Every structure is written in C-alpha cells, then in structure tokens.
Amino acid sequence: MEIADFGTAVYVGNPDADENDESAIGKTARTRLQPEPVYGAPTPAYSPPEAILQMLPIRPSVDVWSVGVILFVMLTGRHPYDVTGESTEEEIEANIKNSRYEIPIDDPLLAGHVSESARDLLRKLLDRDPERRLTATEALQHPWVTGETAD
C-alpha cells in the first residue's frame, strides 16, 4: 500500500526568481525552474475520478480521497473498488470512473463491524464530488477521528 504517490507530484518554481539565481530557488529544490506545473500519472487504485479523468488541476481533495481508500482498506481488509481482490488495475480504474458504482460502505458482510461514524467518515472522504469532499482539516475534526463517537 502506498502512502505517498509521487506520480501526481508537482514542482512549481518561484515565479519571481531569476532562473540563474540558485539562492532564489530555495534550499529544497535545486532543479531548473519550470514555467508550468508538470503533472505525472496517479496510481489509479488510490485516485479519485477527477484525477483519473485528468480534470486538472490536481487539488488537495485528491489526497483526501486517497486517505479514504486507505482507511476503507484498513477497516474492511478490502479495496472499495475491488472488494473481491480479483480486479485488474484497469477494472479498478473503470469502477472509479463509473459514477454508478456504489462503494459497499453499508454492506453488512464487508463493513458490518464498522461503526456508523466510521462509515460516515468514509462516505465523506470518498465523495465523488471534490467540492463536497471533506478537506483534511474537516477530516481531522470528524467525530470518528477525534474519538467523540468511540464506545
């Protein structure tokens, strides 16, 4: 399982820096400044529909989706778009792109042991609409994360 996916990493140089002034580039990046961000290919199994469909620019909500996928796997032992564990990467990608695909958050056989609060968090992390998807700050304030709903 990946926690960091550098396929979507973007290097954006300082637009005010002189390309020949190495001190203006910064201490962490010593590469040539690029006029436009360069996007890589995300890992489909952990990417939301908008990233797979290349609806740029990539937003922080992409990372929130990835956290939702990882949390789903941790709580159920299954991938939300490959619950049988038999799908190819292409099939997982197709399931993510398919707006009619329902994540089995409420399937009693798969997630019957997962609390309603945890399922609520998963629904909000894995919302197909990036505008409605929780932000990282909102996710950290969710009652399941803060422990307010713990038994």
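1. Let's start with His-79 and its neighbours. Leaving aside residues up to four places away in sequence, His-79 touches Ala-45, Val-69, Phe-72, Val-73 and Ile-92. Keep in mind as you look around that this is a predicted model.

2. Where does His-79 sit? You'll find His-79 in the loop between helix H3 (61-76) and helix H4 (89-97). Buried or exposed? His-79 counts as buried because its relative accessibility is 11%, and the cut-off for buried is under 20%. Its side chain also reaches the backbone oxygen of Ala-45, at 2.7 Å.

3. Next, have a look at Ser-61, which belongs to helix H3. Ser-61 has a relative accessible area of 10%, so this residue is buried too. Its contacts, again not counting residues up to four places away in sequence, are Glu-50, Pro-130 and Arg-133. Asp-127 is 66 residues from Ser-61 along the chain, yet their C-alpha atoms are separated by 9.9 Å.

4. The chain has 151 residues, and 35% of them count as buried. If you take contacts between residues at least 6 apart in sequence, 54% of them join residues at least 24 apart.

5. Now the charged pairs. Side chains of opposite charge can pair when their charged atoms come close. The structure holds 10 salt bridges. One of them joins the side chains of Asp-106 and Arg-123, at 2.6 Å from N to O. This pair links distant parts of the chain, 17 residues apart: Asp-106 is in the loop between H4 and helix H5 (108-111), while Arg-123 is in helix H6 (residues 116-125). Asp-106 is partly exposed at 49% relative accessible area, and Arg-123 also counts as partly exposed, at 29%.

6. Why are Glu-116 and Arg-119 separated by about one helical turn? Because they are three residues apart in helix H6. Glu-116 counts as partly exposed at 44% relative accessibility, whereas Arg-119, at 15%, counts as buried.

7. Putting these pairs together, Asp-106, Glu-116, Arg-119 and Arg-123 are linked in a network of salt bridges.

Conventions:
Residues are numbered from 1 along each chain as its sequence is written. This is a predicted model: local features need pLDDT of at least 70, side-chain atom pairs count only at pLDDT 80 or more; totals for chains, interfaces and linings use all residues. Side-chain values use heavy atoms; hydrogens and water are left out. Helices (H or I, at least four residues) and strands (E, at least two) are DSSP runs, numbered from the N terminus. Buried means under 20% relative accessible area, exposed over 50%, partly exposed in between (1.4 Å probe, protein chains only). A polar contact is a pair of N or O atoms within 3.5 Å; within protein, one must be able to donate a hydrogen and the other to accept it, and residues adjacent in sequence count only if both atoms are side-chain atoms. Contact means heavy atoms within 4.5 Å. A salt bridge is a side-chain nitrogen of Lys or Arg within 4 Å of a carboxyl oxygen of Asp or Glu.
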